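Here is a short tour for a first look. Keep the sequence and the model side by side as you read.

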Amino acid sequence: MERSKLAKVKLPKEKLLELDAYMDSLEDKEGLLIHILHKAQEIFGYLSLEVQLYISKRLGIPAAKVFGIVTFYSFFTQEPRGKHTISMCMGTACFVKGADRILEKICLELGVNPGETSSDGLFTVKDVRCIGACGLAPVAMIDDKVYGHLTEESVKEILDVYRKEEQHENQHAESAV
Ligand code: FES
């Protein structure tokens, strides 16, 4: 993003204050860059370019260094994530049992490509390597729950459970107002 455009991006003030307070509480700020990035991801949900530049400026370190760390570690994300993360295993055991078709079905059902988030913000789809449950192939995890022996039919049923849960929560929230 160009600098001029970036200057106009406003990060929420209260979140910035929270991040500032955290940074101020650390002595070796530069040495604790990973911790700071973790905290920033917890606060903002993801590490946008604006957040990364803010941190580099605050710490007086090159933006390239911050960017390098964010892109190196897979637990950092630069995109907003959905409420639930679907991790479809594309390891060998799952692949031979048709994991590619299951992933395709999930993506079709949600209208996304791997790595993207559904437009309702409910799911982010990722393809991952073996998650160590090969006996249940093909396997996906939704957050930290494992779903094995997946079929193209069961995918929709599983997603519907989460959708219904979300509807329920929304209704609850509305009736509480
Ligand atoms: S290959 Fe999918 S769980 Fe091992």
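In which strand is cysteine 89 found? Cysteine 89 belongs to strand 1, which covers residues 84–89. The model shown here is predicted.

Is cysteine 89 buried or exposed? Cysteine 89 has a relative accessibility of 2%. Buried means under 20%, so cysteine 89 counts as buried.

Which residues does cysteine 89 touch, leaving aside those up to four places away in sequence? The list is Cys94, Ala99, Val128, Arg129, Cys130, Ile131 and Val139. There is also a distance to check against alanine 133. Cysteine 89 and alanine 133 are 44 residues apart in sequence. In space, their C-alpha atoms are 9.4 Å apart.

## The whole chain

The protein chain has 8 helices and 4 strands. Read along the sequence, their order is α-α-α-α-α-β-α-α-β-β-β-α. The C-alpha trace spans about 50 × 45 × 30 Å along its principal axes.

The chain has 177 residues, and 37% of them count as buried. Take the contacts with a separation of 6 or more: residues 24 or more positions apart account for 60% of these. The chain exposes about 11000 Å², with 54% of that area supplied by carbon and sulfur atoms. Among the side chains, 22 are positive and 27 are negative. The centres of these two sets lie 4 Å apart.

Helix 2 runs over residues 13–24. At 1.5 Å a residue, its 12 residues should span 16 Å. The end C-alpha atoms are 16 Å apart, which agrees.

Which residues of helix 2 are buried? They are Leu16, Leu19, Asp20 and Met23. Seen down the axis of helix 2, the buried residues fall within an arc of 105 degrees, so they line one face of the helix. The face turned away from the buried side carries the exposed residues Glu14 and Leu17. The buried residues of helix 2 pack against helix 3 (33–44) and helix 4 (49–59).

## Aspartate 20

One of the buried residues of helix 2 is aspartate 20. Its relative accessible area is 15%. That value falls under the 20% cut-off, so aspartate 20 is buried. Beyond residues up to four places away in sequence, aspartate 20 touches Tyr54 and Arg58.

## Helix 5 and its cover

Helix 5 covers residues 63–72. Its buried residues are Val66, Ile69 and Val70. They cover an arc of only 100 degrees around the axis, which puts them on the same side of helix 5. The face turned away from that buried side carries the exposed residues Ala64 and Phe72.

What covers the buried residues of helix 5? The cover includes helix 3 and helix 4.

## Glutamine 52

Glutamine 52 lies in helix 4. With a relative accessible area of 3%, glutamine 52 is buried. Which residues does glutamine 52 touch, not counting those up to four places away in sequence? They are Leu47, Val66, Phe67, Val70 and Gln78. Val66 and Val70 are among the buried residues of helix 5.

Technical notes:
Residues numbered from 1 in each chain as written. Predicted model: local features only at pLDDT ≥ 70, side-chain atom pairs only at ≥ 80, totals over all residues. Heavy atoms only, no water. Helix = DSSP H or I, 4+ residues; strand = E, 2+ residues; numbered from the N terminus. Buried < 20%, exposed > 50% of the residue type's maximum accessible area, 1.4 Å probe, protein only. Contact = heavy atoms within 4.5 Å. Areas by Shrake-Rupley, 256 points an atom, 1.4 Å probe, with all protein chains shown as cover. Lys, Arg positive; Asp, Glu negative; His and termini not counted. Charge placed at Lys NZ, Arg CZ, Asp CG, Glu CD. Expected span 1.5 Å × (residues − 1). Arc of directions from axis to C-beta.
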